[in-house]
Amino acid sequence: MTTMTNSGRPQAAPRRGRSKAVRRLVITLVVLAALLVAADFGAAAVFEHEVSKRAKAQFGLRDDPSVKVGGFSFLAQVIAGEYDTVTVDAKGVPVQDTLRDVEVHADLRGIKAPLSDVVSGSLKQIPVREVDGQVRIKAADVNHALQENQGNSVIASIKNLTIDPASKALVATAPADGGETDLDSVETADTEGSTAGVRLCGTVEVAGLSTELCVFSIISLEQDSIAINAERLELRNAAGATRLPSAVEDTILKVFSRPLPTGSLPFGVTPTAVTVEPGLLSVKGKATDVVLGGS
């Protein structure tokens, strides 16, 4: 519709109808996008719950592990029936009577599950193309194991145990008499393999002085365990570097030399490496063609 101006020229009427249509379209698209996002999260929650139930049974856990689906758009993955990545984390896992707070981590890739089974919740088995598994032992559990191992009071009062990587060459190289290891060079870890260097440090009392005890060790991969082989130790306090009688040092090294049970890696993963991270000792491994929930 047009109107006439005083000059006789036509003038277009306001486009209110078109503006309303555009607003309605925008609102419809926003609502649709919100529904798709909600559906995406809802479908992901169902699948994560199904994986968590099977992981709990396969790990022998008391609580459901945390499960997170990765990759862009879960709905696109569920329609295709294959999921890019799924991360499973379980914390506070006890191993035997020694360790109380082990962490179990697994990255699953190439997970197959039909759309109909996900929607109905009838998933029985979940084939997985590849799994990277890891078991992590924290410093508090290592300290508990050392106290259990000592059988005497030489280091009964060790506190604030820390774990840090060290190269195997550094572990094997003691400083000159009266010298101290340069701690700035300690955190140079070796390439992942069946052995690794580690520095275990804690606070103890020596002759009434608060003293830092550092034990340089090699950890190695063994059947369902990490073996610690203590090589040498250093003591530091306000008086500087301190030495203990050889017999006492040997006793301390024997206390630190022990296996730490890790249990089996998740999903039948074969252990391939031990690693050291600040605050953690871990075992890693890989597996292919795994069936989650299979016998």
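Predicted model: local features only at pLDDT ≥ 70, side-chain atom pairs only at ≥ 80, totals over all residues.
Residues are numbered from 1 along each chain as its sequence is written. Local features need pLDDT of at least 70 and side-chain atom pairs count only at pLDDT 80 or more, while totals for chains, interfaces and linings use all residues, and side-chain values use heavy atoms, with hydrogens and water left out.

The structure has one disulfide, meaning a pair of cysteine sulfur atoms within 2.5 Å. Here Cys201 is linked to Cys214, S to S 2.1 Å. Cys201 belongs to strand S8 (residues 195-206) and Cys214 to strand S9 (residues 209-222), so the bond ties together parts 13 residues apart in sequence; strands are DSSP runs (E, at least two residues), numbered from the N terminus. The S-S torsion is about 110°, so this disulfide is right-handed. Cys201 is buried at 2% relative accessibility, and Cys214 is buried too, at 0% (buried means under 20% relative accessible area, with a 1.4 Å probe and protein chains only).

Cys214 also turns up in a second, separate core of seven residues, which includes Ala166, Leu170 and Val171. A nonpolar core is a set of buried Ala, Val, Leu, Ile, Met, Phe, Trp, Tyr and Cys residues joined through side-chain atoms within 4.5 Å. The largest core has 59 residues, and Leu108, Leu213, Ile219, Phe256 and Leu281 touch the most other members.

Leu281 is also one of the residues touched by Arg136 (contact means heavy atoms within 4.5 Å). Arg136 itself sits in strand S6 (residues 126-138).

Note on methods: Buried < 20%, exposed > 50% of the residue type's maximum accessible area, 1.4 Å probe, protein only. Helix = DSSP H or I, 4+ residues; strand = E, 2+ residues; numbered from the N terminus. Lists of a residue's contacts leave out its neighbours within four places in sequence.
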